[in-house]
Each structure stands twice: as structure tokens, then as C-alpha cells.
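This briefing gathers selected features of one protein structure for computational work. Please consult the sequence and the coordinates alongside the notes that follow.

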Amino acid sequence: MTSAALRARLRWEIAIVLALSFGASAVYAIVSIVERLTRETALSQQTATINRPLSDRPVFDLISQLLSFAFGLAPVALVVYLLWSSTRPHLSRLGLGRPLDAGRAWWGREAGGGVLLAAAIGIPGIAFYLFAKAIGINTTVVPTALDAAWWTVPVLVLQALRAALGEELIVVAYLFERLKRLGVGPWATIVISALLRGSYHLYQGFGGFIGNVIMGVVFGWVYQRWGRALPLVVAHWALDIASFAGYPLAVALWPALFSAPAG
């Protein structure tokens with residue numbers, strides 16, 4: 001295969017992978033923000049719900065949520081298949097697996113780095129969300145509309161894992177590897193990845209777009225610097241667990257704090 005043919009094949013591959021995952025999400029998000037801006041209600045007075053019930057019957061809602069989790073990982077499986085290496089570590093091109101020169105505790109160090117990265121992103125992120133909401137460029141984000149069934153928190157943790165694996169392995173690890181093969185420079189790759197990350201969060205408003213672009217630049221720089229995806233996955237998973245499952249978990253553990261006062 002000639003160099004030109006290989007480059008064309010890679011471009012088509014990237015287009016197909018994104019069409020099956022976050023490229024499609026970006027298109028829907030752009031349509032969503034246009035629809036929101038054309039409403040009579042101000043953007044700051046609108047809500048964006050992330051995790052919704054998939055059935056009005058609890059048993060079938062649970063089944064549907066688990067199916068959503070499983071099938072939602074199909075694009076991740078696709079990029080794993082595309083970037084699988086025949087030699088160990090098999091997932092090295094996705095920044096996963098034990099590095100050849102690492103000790104036994106490598107995963108603990110990377111996971112710990114992910115937790116620190118989550119704190120560095122999450123605390124300013126909350127402040128920025130409140131600022132964006134106050135100046136009217138963002139909706140009120142509702143992390144979940146799921147009822148507090150016994151399985152609510154575990155399902156939300158799984159959905160957070162799906163989002164973390166999908167975004168970090170496709171939007172960062174896969175895209176970085178493929179754009180590098182196409183000759184795109186490091187900072188251009190970081191910007192492309194960050195803009196893609198921001199675009200599929202536009203359904204939340206412009207605050208969600210800006211905040212996720214900033215997060216994308218930070219995550220992209222971290223990946224470009226160390227080439228490891230596990231810290232990004234752990235950081236993203238921790239952030240989404242806090243936002244997805246934090247509220248229903250708090251209601252389940254301390255119901256008195258969230259119940260209406262007696263009249």
C-alpha cells in the first residue's frame with residue numbers, strides 16, 4: 001500500500017470510528033445547543049439531564065441500563081482491536097498495559113496520579129460551572145434523573161466507567177496515535193482532541209464546551225507528556241462518579257438532609 005493510500009485509509013478509519021462514537025455525539029450536541037438557543041426560555045433557565053431512565057418499569061430500566069453500558073463499550077472494543085499489538089504490552093499504542101521498565105506497583109502510581117488529576121480538574125471545574133451558570137451561558141446540569149433504586153449507584157458507577165473509557169481511549173489515546181501517523185504535530189493534536197471533547201458537551205451550554213476544552217487541553221498535554229492512558233481514565237471515572245452518583249448516594253445515606261422540612 002502506498003503512503004498516500006495509507007493516509008487516506010487512516011482518515012477514513014478515523015471518520016468511521018468517530019461516526020460510531022463521539023463525532024456523532026458532537027453533531028447531536030451542536031443541534032441541541034442550536035435548539036436551546038432558539039427557545040424563548042433563557043439558556044440558564046434550562047436543564048440538561050445526563051442519565052435518564054430508559055423504562056418506567058424498574059426491572060426493565062435496570063436491564064436497559066446494563067445493555068446501554070455493554071453496547072456503549074463497542075467503540076472502545078473497536079479501537080482496542082485496531083491498535084492491538086502482537087507483542088507485549090498488547091495495548092501499548094493505547095497507553096495501557098504494564099510498561100516494560102515498570103515495577104510491580106506501576107498501576108498504583110498511575111491510578112494515584114489519576115486521582116490527583118481529578119482533584120486538579122474537579123475543584124476549579126465546579127467553580128467554573130457555577131460562574132458559567134451565573135452569567136447565563138450554561139444550563140443547569142442534572143447528573144441523573146434515575147430513581148433511587150437499590151441499583152442506582154452501581155449503575156451510575158458503570159456509566160461513569162463507560163464514559164471514562166470511551167472518551168479517554170478514543171478521543172485521546174486512539175486519536176493521538178492516528179493523528180501522529182498522519183503527521184499532525186503534538187499541539188495541533190491536543191487542540192483537535194480538546195475541541196472534539198468540548199463539542200460533544202455543547203448540549204450543556206457554552207460553559208460545558210469551554211470547561212471541557214480546557215480539560216481536554218490538560219488531559220492531552222498529560223498524555224502527550226507521559227503517553228499513559230490509565231491516569232486519564234481514573235481521573236475521568238472519579239470525576240463522573242462524583243457528579244453522577246454523588247447526589248443519589250447522598251440521598252440514600254442521609255435522607256433526612258434532603259427531605260423537605262415538616263410543615
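**Briefing on selected contacts**

Glu 177 has a relative accessible area of 15% and is buried. The model discussed here is predicted.

- Glu 177 is paired with Arg 178 in a salt bridge, with 2.9 Å between the closest N and O atoms.
- Arg 178 is likewise classed as buried, because its relative accessible area of 4% is under the 20% cut-off.
- Through salt bridges that share partners, Glu 177 and Arg 178 belong to one network with Glu 13 and Arg 93.
- The total count of salt bridges is 7.

**Salt bridges: two further pairs**

- Glu 167 and Arg 197 form a side-chain salt bridge with an N to O distance of 3.5 Å.
- Because Glu 167 lies in helix H6 (residues 152-181) and Arg 197 in helix H7, this pair ties together parts that are 30 residues apart in sequence.
- Both partners are buried: the relative accessibility of Glu 167 is 6%, and that of Arg 197 is 0%.
- Glu 35 and Arg 39 also meet through their side chains in a salt bridge, at 3.0 Å from N to O.
- In that pair, Glu 35 is partly exposed at 38% relative accessibility, and Arg 39 is partly exposed with a relative accessible area of 39%.

**Packing of H7 and H8**

- Two packed helices are described by the angle between their axes and by the distance between those axes.
- For helix H7 (residues 186-199) and helix H8 (residues 206-226), the axes come within 7 Å and the crossing angle is roughly 145°.
- The crossing of H7 and H8 is right-handed.
- On the H7 side, the residues making the contact include Pro 186, Trp 187, Ile 190, Ala 194, Leu 195 and Arg 197.
- On the H8 side, they include Phe 209, Val 213, Met 215, Val 217, Phe 219 and Trp 221.
- Sorted by class, the contact of H7 with H8 has 11 nonpolar, 6 polar and 1 charged residues.
- Arg 197 takes part in this helix contact and also in the salt bridge with Glu 167.

**Gln 204 in the loop between H7 and H8**

- Gln 204 is located in the loop between H7 and H8.
- Its relative accessibility is 11%, so Gln 204 counts as buried.
- The side chains of Gln 204 and Tyr 203 are joined by a polar contact of 3.0 Å.
- With neighbours within four places in sequence left aside, Gln 204 is in contact with Ala 48, Ile 50, Asn 138, Thr 139 and Val 141.

**Thr 152 in H6**

- Thr 152 has its place in helix H6.
- Thr 152 is buried, its relative accessible area being 1%.
- Between the C-alpha atoms of Thr 152 and Lys 180 the separation is 40 Å, and these residues are 28 residues apart along the chain.

**A cis peptide bond**

- The peptide bond from Arg 88 to Pro 89 is cis, and its omega is near -10°.
- Pro 89 sits in the loop between helix H4 (74-83) and helix H5 (106-134).

Terms used: Residues are numbered from 1 along each chain as its sequence is written. This is a predicted model: local features need pLDDT of at least 70, side-chain atom pairs count only at pLDDT 80 or more; totals for chains, interfaces and linings use all residues. Side-chain values use heavy atoms; hydrogens and water are left out. Axes are lines fitted to C-alpha atoms, for helices over the stretch in contact, and angles run from 0 to 180 degrees between N-to-C directions. Helices (H or I, at least four residues) and strands (E, at least two) are DSSP runs, numbered from the N terminus. A crossing is left-handed if the near helix is turned anticlockwise from the far one by less than a right angle, and right-handed if clockwise. Contact means heavy atoms within 4.5 Å. Ala, Val, Leu, Ile, Met, Phe, Trp, Tyr, Cys and Pro count as nonpolar, Asp, Glu, Lys and Arg as charged, and the others, Gly among them, as polar. A salt bridge is a side-chain nitrogen of Lys or Arg within 4 Å of a carboxyl oxygen of Asp or Glu. Buried means under 20% relative accessible area, exposed over 50%, partly exposed in between (1.4 Å probe, protein chains only). A polar contact is a pair of N or O atoms within 3.5 Å; within protein, one must be able to donate a hydrogen and the other to accept it, and residues adjacent in sequence count only if both atoms are side-chain atoms.
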